[in-house]
Amino acid sequence: MSDTGIGARVKRKEDHRFITGKGQYTDDINLKDQTYAYFVRSPYAHATIKSIKIPKWKPEDGVVGVFTGDHVAEDKIGGLICGWMIHSKDGSPMKAGPHPILAQGKVRYVGDHVAVVVAESKEQAKAAAARINVSYGELPHVVDAAKAAKSAAQIHDVAPNNTVFEWSLGDKTATDAAFSRAHHVTKLDIVNNRLIPNAMEPRAAIGSWDAGNDHYTLYTTSQNPHVARLVISAFHGLAPEHKLRVIAPDVGGGFGSKIFIYAEEVVCVWASKRIGGRPIKWTAERTESFLADAHGRDHVTHAELAMDAQGRILGLKCHTIAGMGAYLSTFASCVPTYLYATLLSGQYAIPAIYAEVDAVYTNTAPVDAYRGAGRPEATYVVERIVETAAREMKIDPAEFRRRNFVKSFPHQTPVIMTYDAGDYDASLEKALEIADYRGFAQRKAAAAKKGKLRGIGFANYIEACGIAPSAAVGSLGAGVGLWESAEVRVNPVGTVEILTGSHSHGQGHETTFAQLVSDRLGVDINTVSIVHGDTDKVQFGMGTYGSRSGAVGMTAIAKALDKVEAKAKKVAAHVMEAAEGDIEFKNGTFSVKGTDKKMAFGEVALAAYVAHKFPTSEIEPGLKESAFHDPTNFTFPAGCHICEVEIDRDTGVTEIVNWTAVDDFGTVINPMIVEGQVHGGITQGVGQALTEGCVYDPDSGQLITGSYMDYCMPRASDVPSFKLDFTETKCPSNPLGMKGCGEAGAIAAPAAVMNAVTDALGVRDLPMPASPHTVWKALHATKMAAE
Amino acid sequence: MSAISMKVNGKAVCGTVEPRTLLVEFLRENLGLTGTHVGCDTSQCGACVVHVNGKAIKSCTALAVACDGAEVTTVEGLAKNGKLHPMQEAFREHHGLQCGFCTPGMLMAAVDLVKRKGKKLDEATIRHELEGNICRCTGYHNIVKAIQAGAENM
Ligand code: FES
Ligand code: FES
């Protein structure tokens, strides 16, 4: 391993600009003659719009334009779409209600976008928005997913009982049969609490129309600018793709919430033409992020697990109600279906599984993918019920898991997935050792002496990443293919530019992708730059989510690098007057087998461009290659996280005192960066388990947790330092052997924490977040029951 | 509108602002110093932390007029003569940042923390003192390590 190649802890190349305050986030960009947008949002959960009264503006108001749904209709701008078709059990297509970029006739959640004011300054836009008088007719509303189907609210005409689809996966008959043979059945009702993503950079957009060329440009906080361009062209019908450039510059975190195409960015770019081409800038206030970013999770599940007398799992069944919010967001429908129920086998050989998912509309912000997307929900169901089953059957929870692990690969689960490689015993054993599982009883006794309740919990998660073979997702309803593209441009002096369709918003691609190039071409990592996030520069790409940038994005780069090497060998052969088959390439040097003739990579690059020494009728001048890579399978990262907590009896405060994570991500390009991903993921999962929870008031439909005063983000003092280690089984479906690491922590953590908390308290279940108040109530309930 | 002047990162600057203009708006909009970020509207995230007269404050919660005549240091003023501040070095060395959005505020809060509590900082103190700075990416693990190391090198 070179000190900048695959596996090296290379310091990040992108850091210099961030630590010196020179990052370029969307809100840092200002265009000439720019105006500012402010959105008028619905204060009601569900209402008709009776009228919109716009005052007569004076010059000092600075108003440039006010636009509503009528203008959108006039310009025939299409609505926001959901790009994944799900069919119900009865074969009917999902019921997608219209989602105009500015409301037409009706609002469906608090924060719904009603009108936009464009003004000379931010302050003027906001002040003018407050003077627009919208008259509403209130309608019945529902915010609770579990109550949506039976509610008096009728949110979309196309969706009776507010039901989007009733979907199922697996074999019901086989599963029922497995349950009829069961020695023991464990039943659990589980709520996966709704979360608000909260990337630290609020969403922002600048849209502009160039009158001279009838061309649009959109700067936006996006994880996938090409998909944004495609959707804005093909579905909103704003402009054909060659007339629209989308740029996603530095983006301050995404976690899924910046995958989606949102109304605000489409409005900014559309309305710019309406005001004659002056750019329009919009930056969300944090309050708007709470109200109008796509939320995550929101599942209500009943699950049952059947075991034989030895604690071997015979079958799993579950019924889930998934809240989708008031509209179907870009990828909303695949999250509680193909990203969820397909992972219900966990790390276990379960012969029969049957899952039903009812997706419902509620009068809340749309719900879509959030770090892990469906897989945390699946892991939470599996790992909570497995833990509960082990306790009920009085089997050590580690032993219970061991007995049920998938042990040979490939393994076909009853829910679509074929696990290709893994070693679940290895990660469990390593984690048990690091966490000193044997010493737990002693630590528990010591804690009891201090008056603390100590508990331990496992999460043996699996996830499916690298999303995904295009034909496979197409057959499951996806509207897009999920390959990735890359272009390698070698400059005449031998420096290298990589153009990638992946997008980095914290993941460190400028470093890890350059490591791959340094490794493959033997060039100095500082001579490699990574270009991403601009549709005018990069040919096409599907963006970054689902931990796909390594397994899919880097594989595309690797393929293009292979082509570069092949062509460079041809050039080198001509220059050194040798047979192509005799050219060897190692550590950045081309040499002729059995001779001392050699050329450095940069010399060959120059030779390729000057094109003096080879027949250009056979070999084209230049050194630039591109590749598209379509994965042949999902990848299956898996691991074991062990959480140990101490609970204060008097205050109900839970302290995480130990965290061990042993993950198998296949090949790790940069352990420093991968560890960082795990740290961040765990902390988001700890947030879900202990502090975060989105609450809408059932009576008013208002978002109660609409600021950092009420929505409790995990702080530095809420988490410990983590103990991390890895095991490695190579992923067989990509040449680099990578599996992906971005979501693992957030997938594993909630179950690990809640298994530990319930262990400490001696209760079966507890709702998340297990806040001090919730824990204190549980403590007193058991105490009272005992008395 | 009021005319104000201050010293920002060692340079004398002036401008006219409305009475309601926040210090962060003055820095970002008037002076183009976009290293200082805005992450919330309730004074909690700490993305906006700068030093005013040697003390860390949240620049989203200070009026520009109230800082008339003050000496202000932002993240852009941490490095001196092309040499990174030890805290900046430590954040890079220990991978204390991912998306970088919270980083300017973290750096400014960290430098202030060392000034107040000294160079030997234990983990518990650092975690407690970071109450006013939210990071969504790093899980704090490496930020804590970076601050500990940066403090020793200051
Ligand atoms: S911007 Fe969040 S505290 Fe200042
Ligand atoms: S590095 Fe992204 S918020 Fe801290």
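Q: How many salt bridges are there across the interface of chain A and chain B?
A: Five by the rule, across the interface of chain A and chain B. This is a predicted model.

Q: Which side chains meet in one of them, at 2.7 Å?
A: D28(A) and R28(B) do, with 2.7 Å from N to O. That pair counts as a salt bridge because the cut-off is 4 Å between such a nitrogen and a carboxyl oxygen.

Q: And how many residue pairs are in polar contact between the two chains?
A: 27 residue pairs between chain A and chain B, with both residues at pLDDT 80 or more.

Q: What area do the two chains bury between them?
A: About 4100 Å², and carbon and sulfur atoms account for 54% of it.

Q: Changing topic: how much space lies in the largest pocket?
A: About 740 Å³. It is lined by 33 residues, and the closest to its centre are K122(A), E285(A), L22(B), E25(B) and V38(B).

Q: Which elements supply at least two residues each to that lining?
A: From chain A, β1 (35–41), α3, β12 (280–283) and α8; from chain B, α1 (23–30).

Q: Which of the elements gives the most to the lining?
A: α1(B), with four residues of the lining of the largest pocket.

Q: What's the make-up of the lining by class?
A: The largest pocket has 15 charged, 14 nonpolar and four polar residues in its lining.

Q: And the second largest pocket, how much space lies there?
A: About 510 Å³. Of its 20 lining residues, V191(A), R194(A), D298(A), C694(A) and V695(A) are the closest to the centre.

Q: Which strands supply at least two residues each there?
A: β8 (184–192) and β13 (299–307) of chain A.

Q: How do the lining residues of the second largest pocket divide by class?
A: Into 11 nonpolar, six polar and three charged.

How values were computed. Residues are numbered from 1 along each chain as its sequence is written. Chains are lettered from A and ligands numbered from 1 in the order in which they are written. This is a predicted model: local features need pLDDT of at least 70, side-chain atom pairs count only at pLDDT 80 or more; totals for chains, interfaces and linings use all residues. Side-chain values use heavy atoms; hydrogens and water are left out. Buried area is the accessible area (1.4 Å probe) that two parts lose on being put together, summed over both. A polar contact is a pair of N or O atoms within 3.5 Å; within protein, one must be able to donate a hydrogen and the other to accept it, and residues adjacent in sequence count only if both atoms are side-chain atoms. On a 1 Å grid over the protein atoms alone, a cavity is a set of points where a 1.4 Å probe fits but cannot get out, and a pocket is an open set with protein on both sides within 12 Å along at least five of seven lines; lining residues have an atom within 4 Å of a point. Grid points are joined across faces, edges and corners, and a volume is the space filled by probe spheres set on the points. Ala, Val, Leu, Ile, Met, Phe, Trp, Tyr, Cys and Pro count as nonpolar, Asp, Glu, Lys and Arg as charged, and the others, Gly among them, as polar.
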